Amino acid sequence: MAIVGMAGTTETGAIDPLDALADVACEANCHFHVDAAWGGASLMSARHRHRLAGIERADSIVIDAHKQLYVPMGAGVVLFRQPTWTAEIRQHANYIVREGSKDLGCHTLEGSRGAASVMLYTNLRLLGRRGYARLIDLSIDNARYFASLIERQRDFELVTAPQLCILTYRYVPERVREALTNGPVSLQLAIQDALDALTVSIQEMQRDAGRSFVSRTRITSERWQGRAIVVFRVVLANPTTTRAMLDDILAEQRMLASVSSRLSDLMALTSG
C-alpha cells in the first residue's frame with residue numbers, strides 16, 4: 001500500500017536513505033510517504049538539506065511545526081504531491097463541514113480545531129528561511145560539539161551520534177567499560193542492568209535539582225548486540241544554549257553519579 005521513510009526519528013534523529021526508498025516505491029508502484037515530523041525543517045538549511053536527499057520524490061510529507069519550526073505544541077503540516085488527494089480523507093456531518101462546504105476541517109481527524117497555522121505563518125514571516133537556517137545550523141553545531149565533548153570523556157559513552165540536533169549517551173565509568181568489553185556474558189548482562197538503573201537515577205536527580213534537564217529513553221544498541229539500554233536523550237534546539245552549559249551538564253551528571261547508590265551497586269560488580 002505504501003512505503004514510509006523516516007526523515008529524523010524522534011528518539012535519535014536518524015534519517016533513512018530516502019532516495020533508495022523512493023526507488024523501491026517506484027518499482028512497486030506504491031505511495032511513498034516521508035515522515036519528516038522532526039527533520040523536515042532542516043530543508044531550510046543550505047548546509048544540511050542534503051541529508052534529506054530524495055524527500056522531493058515523496059507523494060506525501062508530514063512536518064511537525066512544533067519541533068524545528070519553533071511554534072507551540074499541536075501544529076503539524078501534511079503536504080501532498082497532488083492536492084486533490086486530500087479528497088481521499090474526508091468527513092461530513094449535518095451540523096458542520098456539510099457536503100460541498102469548503103471547510104478544511106473535513107480533511108482532518110480532529111475536525112474543527114484552532115487556527116494553529118497562524119502561528120506558523122507568523123514565524124515564517126518574522127524569521128524567514130534565513131532565520132530558520134541560522135537556528136537549525138546552530139542546533140546541529142551544538143549537537144556535534146556536545147557529541148565530541150562526550151567522546152573525549154573517559155567515563156561517558158556516546159550511544160548515537162547526531163545527524164540532526166538529537167543525540168543519546170550515558171555515564172559509563174572506565175573500569176565498567178573494560179568489564180563490558182572483556183568480561184563474561186553473564187557479567188555483561190548484570191552490568192547493563194546496573195547501568196540502566198544508574199542512568200535513571202542520574203536523570204531523576206538532575207531533574208529534581210532543577211539546575212538543568214536532560215530527558216531519557218530506552219533504545220536498541222547495535223554496539224551491545226541489539227540490547228535495549230537506557231540512555232540520556234538531548235535535543236539541542238534552544239538557540240541560547242552555550243557550550244559552557246553543555247560542559248556543565250556533564251560535570252553535573254558526573255557529580256550526581258558519584259553520590260548515587262546505584263553507582264556503588266555498579267562498581268561492586270567489577271570489584272573482583
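A disulfide is taken here as a pair of cysteine sulfur atoms within 2.5 Å. The structure is a predicted model, in which local features need pLDDT of at least 70 and side-chain atom pairs count only at pLDDT 80 or more, whereas totals for chains, interfaces and linings use all residues. Residues are numbered from 1 along each chain as its sequence is written, and side-chain values use heavy atoms, with hydrogens and water left out.

A search of the whole structure returns zero disulfides. Cys-26 takes part in none, the nearest cysteine sulfur being that of Cys-30 at 9.5 Å. Seen from Cys-30, the closest cysteine sulfur is that of Cys-26, and the separation of 9.5 Å is too far for a bond. Accessibility is classed as buried under 20% relative accessible area, exposed over 50% and partly exposed in between, with a 1.4 Å probe and protein chains only. Cys-26 counts as exposed because its relative accessibility is 58%, while Cys-30, at 22%, counts as partly exposed.

Two residues other than glycine with positive phi were also examined. Asn-29, with phi near 55°, lies in the loop between α1 (18-28) and β2 (31-35), where helices (H or I, at least four residues) and strands (E, at least two) are DSSP runs numbered from the N terminus. The relative accessibility of Asn-29 is 72%, so this residue counts as exposed. Tyr-70, with phi of about 60°, is found in the loop between β3 (60-64) and β4 (76-80), and its relative accessibility of 26% places Tyr-70 among the partly exposed residues.

The second largest pocket holds about 420 Å³ of space. On a 1 Å grid over the protein atoms alone, a pocket is an open set of points where a 1.4 Å probe fits, with protein on both sides within 12 Å along at least five of seven lines, and lining residues have an atom within 4 Å of a point. Grid points are joined across faces, edges and corners, and the volume is the space filled by probe spheres set on the points. The lining comprises 17 residues, of which Phe-213, Val-235, Leu-236, Thr-241 and Ile-249 lie nearest the centre of the pocket. At least two lining residues come from each of β8 (227-235) and α5 (243-258), and α5 gives the most, with five residues. By class, the lining has nine nonpolar, four polar and four charged residues, where Ala, Val, Leu, Ile, Met, Phe, Trp, Tyr, Cys and Pro count as nonpolar, Asp, Glu, Lys and Arg as charged, and the others, Gly among them, as polar.
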